[in-house]
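Let's take a friendly walk through this fold, one element at a time.

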Amino acid sequence: MNSKNQKTLESIFKRPTPSNIQWVDIESLLLSIGAIITEGSGSRIRVKLNDVRAVFHRPHPEKVTDKGAVNSVRRFLENAGVRYDGV
């Protein structure tokens, strides 16, 4: 995991939840920790990490992720066993 991915992970676990995380940064983080991402229909993507699965919608036309989606990604990561104790 590079420093940019580490910073994205920190942002995802930050409280209060930020609303300015770029979606491409979240996808990059997921790939760097071993997640498998497959395309769904429309703007949906399917993500699998440590036998935990989730479906997310890429934000459009904006490129930033809203707070609700960040919370969903955080829950997915927690369920998959990913922790960030630095926040």
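This is a predicted model: local features need pLDDT of at least 70, side-chain atom pairs count only at pLDDT 80 or more; totals for chains, interfaces and linings use all residues.

Aspartate 51 sits in the loop between strand 3 and strand 4. Aspartate 51 has a positive phi of about 65°, although it is not a glycine. Asparagine 50 lies in the loop between strand 3 and strand 4 as well, and its phi is also positive, near 55°. Most residues other than glycine have a negative phi, and most peptide bonds are trans. Are these two residues buried or exposed? Asparagine 50 has a relative accessibility of 54%, so it counts as exposed. Aspartate 51, with a relative accessible area of 66%, is exposed too.

Proline 61 belongs to the loop between strand 4 and strand 5. The bond joining histidine 60 to proline 61 is cis, with omega near 0°.

Now turn to helix 3, which runs over residues 67-79. From its first C-alpha to its last, this helix of 13 residues reaches 18 Å, close to the 18 Å expected at 1.5 Å a residue. Which residues of helix 3 are buried? They are Val70, Val73, Arg74, Phe76 and Leu77. Looking down the axis of helix 3, you will see these buried residues fall within an arc of 160°, so they line one face of the helix. An α-helix has 3.6 residues a turn, so residues three or four places apart point the same way.

What covers that buried set? The cover includes helix 1 (3-13), helix 2 (23-32) and strand 1 (21-22), along with strand 3 (44-49), strand 4 (52-57) and strand 5 (64-65).

The two ends of helix 3 have details of their own. At its start, a side-chain oxygen of aspartate 66 comes to within 3.2 Å of the backbone nitrogen of glycine 68. Just after the helix, glycine 81 adopts a positive phi of about 90°.

Next, see how the other helices meet helix 3. The axes of helix 2 and helix 3 come within 12 Å and cross at roughly 5°. An angle under 35 degrees counts as roughly parallel, and helix 2 and helix 3 are therefore roughly parallel to each other. Helix 2 brings Trp23, Ile26, Leu29 and Leu30 to the contact, while helix 3 brings Val73, Phe76 and Leu77.

Helix 1 approaches at another angle: its axis and that of helix 3 come within 9 Å and cross at roughly 105°. Helix 1 and helix 3 are therefore roughly perpendicular to each other. Here Leu9, Ile12 and Phe13 of helix 1 meet Val70, Val73, Arg74, Leu77 and Glu78 of helix 3.

To finish, stay on helix 1 and pick out threonine 8. Threonine 8 has a relative accessible area of 6%, so it is buried. Leaving aside residues up to four places away in sequence, what does threonine 8 touch? Its contacts are Ile21, Asp25, Ile26 and Leu29.

Terms used: Residues are numbered from 1 along each chain as its sequence is written. Side-chain values use heavy atoms; hydrogens and water are left out. Helices (H or I, at least four residues) and strands (E, at least two) are DSSP runs, numbered from the N terminus. The expected span of a helix is 1.5 Å times one less than its number of residues. Buried means under 20% relative accessible area, exposed over 50%, partly exposed in between (1.4 Å probe, protein chains only). The arc is that of the directions from the helix axis to the C-beta atoms. Contact means heavy atoms within 4.5 Å. A polar contact is a pair of N or O atoms within 3.5 Å; within protein, one must be able to donate a hydrogen and the other to accept it, and residues adjacent in sequence count only if both atoms are side-chain atoms. Axes are lines fitted to C-alpha atoms, for helices over the stretch in contact, and angles run from 0 to 180 degrees between N-to-C directions. Angles under 35 degrees count as roughly parallel, over 145 as roughly antiparallel, 65 to 115 as roughly perpendicular and the rest as oblique.
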